[in-house]
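This briefing concerns the strand pairing in one protein model. Please view the sequence and the structure below before reading on.

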Amino acid sequence: MTFRPLHDRVLLRRIEAEEKTAGGIIIPDAAKEKPQEGEVIAVGPGARDESGKVAALDVKAGDRVLFGKWPGTEMRIDGQDLLIMTESDIRGVIEGAAASQKAA
């Protein structure tokens with residue numbers, strides 16, 4: 001199954017936080033907060049303005065983004081836990097993240 005968001009909606013997967021701190025302390029599951037970083041899976045075509053013109057979104061599939069603490073709606077699609085939210089819920093794009101992730 002494929003999923004295509006509508007309007008200015010964005011589908012993304014949370015990127016899980018590290019299991020250990022920099023000092024080597026293992027963080028138990030009960031103490032972890034939900035990550036506020038994710039990878040964009042799919043984006044809608046954009047929102048329409050008053051004149052009916054579609055304004056394209058700034059994010060694209062593959063971008064790593066930061067978002068607020070309680071964004072959008074959690075969904076389960078093809079066995080994966082994903083989030084769908086509007087582009088305005090996204091706080092910013094992490095530049096160069098894809099390149100550094102591929103190199104690792």
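Which residue of E7 is the bridge partner of Met75? In this predicted model, the partner is Leu82. The points below place that pair in its hairpin and then in the sheet.

- Strand E6 covers residues 73-77 and is joined to E7 by five bridges.
- The two strands run antiparallel, and Met75 faces Leu82 of E7 as its bridge partner.
- Two residues lie between E6 and E7 in this hairpin.
- In the turn, Asp78 has a positive phi of about 50 degrees.

**The E1-E7 pairing**
- E7, spanning residues 80-86, is also linked to strand E1, residues 9-14, through four bridges.
- E1 and E7 run antiparallel, with Arg9 opposite Thr86 of E7.

**The E5-E8 pairing**
- Strand E5, residues 64-67, is connected to E8 by four bridges, and the two run antiparallel.
- Arg64 is located opposite Ile94 of E8.

**The sheet as a whole**
- An open sheet is formed by six strands, ordered E6-E7-E1-E2-E5-E8, with antiparallel pairing.
- Its edge strands are E6 and E8, the latter comprising 90-94, and each of them pairs on one side only.
- From one strand to the next, the twist averages 45 degrees.

- Strands of a sheet pair through backbone hydrogen bonds, in either a parallel or an antiparallel manner.
- Side chains in a regular strand alternate between the two faces of the sheet.

Notes
Residues are numbered from 1 along each chain as its sequence is written. This is a predicted model: local features need pLDDT of at least 70, side-chain atom pairs count only at pLDDT 80 or more; totals for chains, interfaces and linings use all residues. Side-chain values use heavy atoms; hydrogens and water are left out. Two strands pair if DSSP finds at least two bridges between them. Axes are lines fitted to C-alpha atoms, for helices over the stretch in contact, and angles run from 0 to 180 degrees between N-to-C directions.
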